[in-house]
Amino acid sequence: MRQFLSERLPLEAFSAHLRKPLPKHINLLFSLGSLAMFLLLLQAATGAFLAFYYSPSPEHAHNAVTYISEEVPFGAFVRGLHHWGASAMVIIVVLHLLRVVLYSSYKAPRELTWIFGVLLLLIVLGFGFTGYLLPWDEKAYWATVVGVEIASTAPGLGDFVAKVMRGGTEIGAVTLSRFYALHTIWLPWLVFGLVGVHLFFVRYYGSSGTPKNTPEEMKTGKPFYPHQVFEDAVGMLILFVILAVVALFVPVPLEDVADPTNADYDPRPEWYFLFLFQLLKYFQGPFEVIGTFVIPTVGMLLLLFLPFLDRSERAVLWKRPIALTVTSVCVVGIVVLTILGGTSKKLETTDAAVQETSQPTEQIQGATTSDTETEEVEEGEAVFDFQLTEEEIEGARAVEESQ
Ligand code: HEM
């Protein structure tokens, strides 16, 4: 068999390529990229299973998810793997990014590997955002209302982007179809395409190793196959066991079915968006756009072009004082904002945001916010609390029932 294949395929050359030695000082942190790859495949496999039973319509989505969790054999387990796997993916990808920063592996000639990595990070977050709506429960609906409103504040294209995301003026059946299409078709194609390019660069330039390596030591480490492959496989097994235990013992939350008239709901995004959510609270009125658009966009652009901005010599992070300070401030800032966002009560924001965010509800209701309600919202301390009058809620129910 081997003979048959090697007469037809360049097996020897491929095997020699895999056995090429890696740089000498490589440690466990160099398995994080492979772990991200593993999680991506696990998400694809578990997602394909969930898609067998899921139905992307407001009438069926919540029932389908309940059915998966309660009736389908291993449904709760697979849903658990997919749900906790998404969080694990974000953690592992961020750790992988920090490992690359730690050893300044983004420096020449690996700038493109880095840029494609940042795009991958954005796509991973895109999976999280689009997947959050799919169970069509209260948190899914209201977090998406806020998320889309945030997108709409972007100068120029904001309204257009929000309209495309919603597929109209309110969150509903078309929004759910679009998010489902993005989550299961557009983003998977994009992610596998970009991972392909990312890995091509990784193999083409070879591993950067740590800055400790002398030029000779770059080619005197253990071979990729079988040594590194074995270590990566052990890492994947450990990660899978942890995820399986979590999936078995920690149920995935599912709230009541989405109710656009639930005036008291306190919207909250997935934990990895909490820092952005918290950031909004510090920018009120005309400054709102700084929290919703300027800081996130500038932050992303700086991250994207980091290899061109950091002109220091290649060295480990603690020998680069500026990079160390910037990285520490960013990491501590994001962690603190995440904790504050998770523990705080309702999202405080500007009057404008309240008015705009409650718009979809008003449109469903065919009513406008009452005077009493507007008076309740004091400048500088307004909240996303969607307070509506009894009549408005009744009106909304009547419209919903007639649909
Ligand atoms: C789906 C997400 C990702 C996957 C599957 C992935 C996969 C990988 C793999 C398998 C490696 C080689 C092993 C290693 O060095 O750990 C690697 C290297 C690399 N990755 Fe990623 N990666 C992802 C996201 C990112 C992100 C978010 C960044 C940074 C913004 C990034 C930047 C890099 C760089 C610069 C290298 C080369 C490191 C070196 O040569 O030492 N990657 N990636």
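The model is a predicted one, in which local features need pLDDT of at least 70 and side-chain atom pairs count only at pLDDT 80 or more, while totals for chains, interfaces and linings use all residues. Residues are numbered from 1 along each chain as its sequence is written.

**The ligand shell**

Select the ligand together with G33, S105, G117, L121 and S208, the closest of the 27 residues that surround it. Colour the shell by class to find 17 nonpolar, nine polar and one charged residues. Ala, Val, Leu, Ile, Met, Phe, Trp, Tyr, Cys and Pro count as nonpolar, Asp, Glu, Lys and Arg as charged, and the others, Gly among them, as polar.

**The loop between α5 and α6**

Select S104, located in the loop between α5 and α6. S104 has a positive phi of about 40° although it is not a glycine. S104 counts as buried because it has 23 C-beta neighbours inside 10 Å; the cut-offs are 20 or more other C-beta atoms within 10 Å for buried, 12 or fewer for exposed, and partly exposed in between, with C-beta atoms placed from the backbone. P109 is found in this loop too, and a cis peptide bond with omega of about 5° joins A108 to P109.

**The largest nonpolar core**

Next select A36, L39, M89, I92, W136 and A140, which touch the most other members of the 56-residue largest nonpolar core. Such a core is a set of buried Ala, Val, Leu, Ile, Met, Phe, Trp, Tyr and Cys residues joined through C-beta atoms within 7 Å. Helix α5 provides the largest share of this core, eleven residues. Leaving aside neighbours within four places in sequence, M89 is in contact (C-beta atoms, placed from the backbone, within 7 Å) with A36, L39, Q43 and V124.

**Helix α10**

Finish at P226, which lies in helix α10 and is joined to Y225 by a cis peptide bond with omega of about 10°. A233 is also placed in α10; A233 is partly exposed because it has 14 C-beta neighbours inside 10 Å.

Definitions and conventions
Near = placed C-beta within 6 Å. Helix = DSSP H or I, 4+ residues; strand = E, 2+ residues; numbered from the N terminus. Contact = placed C-beta atoms within 7 Å.
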